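Colleague: I am new to this one and would like to learn how to read it. Could you walk me through a few features?

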Amino acid sequence: MFGLKFRIEALYFTNFRKSTSTSLINTYSIPPFTTLRGMISNALGLKRDDLRVQDWIKIGIKPQNNINLSTEMTKVLKLKGTGKQYQKTFPSAPIFKEFLVNPIYDVYVGSEQEVIEKIYNALKNPKRPLYIGASDELVDLMVFEPVQIEKKPFNEVCGVVEGIYEDCIIEKIPYKFIQAGRNFSLEYKTISIPKKGKICEEMDLFDFEGEGVVLV
Amino acid sequence: MNDLKGINMVWLSETDLTNLNAGEGESNYIDVKKYKKDGTEYPYVSGQAMRFYLREAIRRNLSEDEYMCVPDDKGETCGDIFKCINCDLFGFMTTVKGKGAITRVSPVKVSPAMGIFSFDENSNVDFLTRRHRVTEGSKMEGDIVNVEVGTNIYKDGISIDLLRVGSEEIIDEDNRTVKIEPKIDKNIINSRIQKVIEGIGFLSDYSKQARLLTDFTPDAIAISFQNRYSHRLQKLFELNEEGKLNTERFKQILDEVDEYSDQIFFGIISGLLNEKDEKFVKDVFKEKGIEVKTPKEALDDAASSLTSKSE
């Protein structure tokens, strides 16, 4: 199996909107797996709602700085109705919105060599300008060389782990879209983000040149 | 010009005492929008506000035959990229009967303006009087309102996707490639991009300007014409709480961006940085053979260079 690490830095502010939030726009503290695959799809030049990337790769996430959360009042277009009928108007309303300030994450991707090389080339020279969250939220990427990875035992794990662990921020984040005809549903994963950077527990992890990473 | 993909601009703007973008506030208290980083509060101007300032700066600079729509009472724009500069440059989401919503991702990305110095150390609270609406002939009434004001240096940036201005993207499903289909004349596309660059030099329309006349145009600006999509230039300026520039980072970022940049323009006014940092910045550009000018000259040079590239 091959692995690729890249550091993604949101240069100003960003918001990973919780899709179930309505009168308040909340944010997840890390980019959901669906968001990261969307960014890779964007770099590859795939069209909107192309879901192929989610079957190609597994992802690991490690926050690199403190989670700085602020709130602002913003004017947002509100969707009306069920979507089954034609709607002409989308009224705007002031809404409280959470945002993250300049977050940095290390993202690890695992897959076959051919896929990893394709993603590596796309991230180095993307087909479109890259953003994460809203389309104005610019990012800067630092892409590392692909490496061969295999599972081996580690005494501690850095970054996000699937399941519930002590001394962690627990979030239920979108993992995968499931398409049924013209409708999409979401599969969620419950994950733990270590507050002190790592979880001290013995686990079999993917070895990214000495870093033990959980790929989900 | 064919190899060029994007333009990145990042700038610093020093303000006098001002309140450029009010937060949630309370009934008689107008605050400043603030973000918190590692426990300290800093002021900022939202991305929405910055997009508005830029749009209005472009609107003021239109010639008679140019058109820029105004959103209707539902907030919808015309969605016609052939004739409308607003819809072409800033994207839209509009509804079409029977088809649902059509979305155009904005080729111009505008960041919020982030204050660099902490707000508490650089702010004050001022009074203003707010007059009540009264019927004619009755006694004039008003109350005192508190307004937060502060000085700061703000960092801001924009990124322009040159390939998608005046064009639409076609996806080739079989070959998994993106094809860009120009929809309007090359000269018109260039003039629209020039309007964005020139607009930066004429930003205005901020809140509270009836009392707090503020210049919020760039005092130091770097502009790169790139043949690769990258926003690395946005990290060029890092100032500490004393206003000292991180010179090592400045050089590193510039060297990296230089690798995929056709041209880099830089302008700065005297006194924004301390003497030593200003000399350092000028020496770095001298080494690269780039002339350091004023921000206005740098913007003008970038705009006119676009014309010469298309010829």
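Modeller: Gladly! Let us start with strands: E13(A) and E14(A) run antiparallel and are joined by 12 bridges. Keep in mind that this is a predicted model.

Colleague: Which residue is the bridge partner of A:Phe177 in E14(A)?

Modeller: A:Phe177 pairs with A:Leu186 there.

Colleague: In which sense do E12(A) and E14(A) pair?

Modeller: E12(A) pairs with E14(A), residues 183-194 of chain A, in the antiparallel sense over two bridges. Look for A:Val161, which stands opposite A:Ser192 in E14(A).

Colleague: How should I read a positive phi?

Modeller: The general idea is that most residues other than glycine have a negative phi. Here, A:Asp167 is not a glycine, yet its phi is positive, about 60°. You will find A:Asp167 in the loop between strand E12 (161-162) and strand E13 (168-180) of chain A. With a relative accessible area of 43%, A:Asp167 is partly exposed.

Colleague: And where is A:Glu209 found?

Modeller: A:Glu209 lies in the loop between strand E16 (203-208) and strand E17 (211-213) of chain A. Its phi is positive too, near 50°, and A:Glu209 is a residue other than glycine. A:Glu209 counts as exposed because its relative accessibility is 70%, and exposed means over 50%.

Colleague: How many disulfides does the structure hold over all chains?

Modeller: Zero, over all chains. The test is simple: a disulfide needs two cysteine sulfur atoms within 2.5 Å. For A:Cys158, the closest cysteine sulfur is in A:Cys200, 8.8 Å away, so the gap is too far for a bond. A:Cys158 is partly exposed, at a relative accessible area of 26%.

Colleague: What about B:Cys87: buried or exposed?

Modeller: B:Cys87 counts as buried, with 0% relative accessibility. B:Cys87 is in no disulfide either, and the nearest cysteine sulfur, that of B:Cys78, is 3.7 Å away.

Methods. Residues numbered from 1 in each chain as written. Chains lettered and ligands numbered in written order. Predicted model: local features only at pLDDT ≥ 70, side-chain atom pairs only at ≥ 80, totals over all residues. Heavy atoms only, no water. Buried < 20%, exposed > 50% of the residue type's maximum accessible area, 1.4 Å probe, protein only. Helix = DSSP H or I, 4+ residues; strand = E, 2+ residues; numbered from the N terminus. Pairing = 2+ DSSP bridges.
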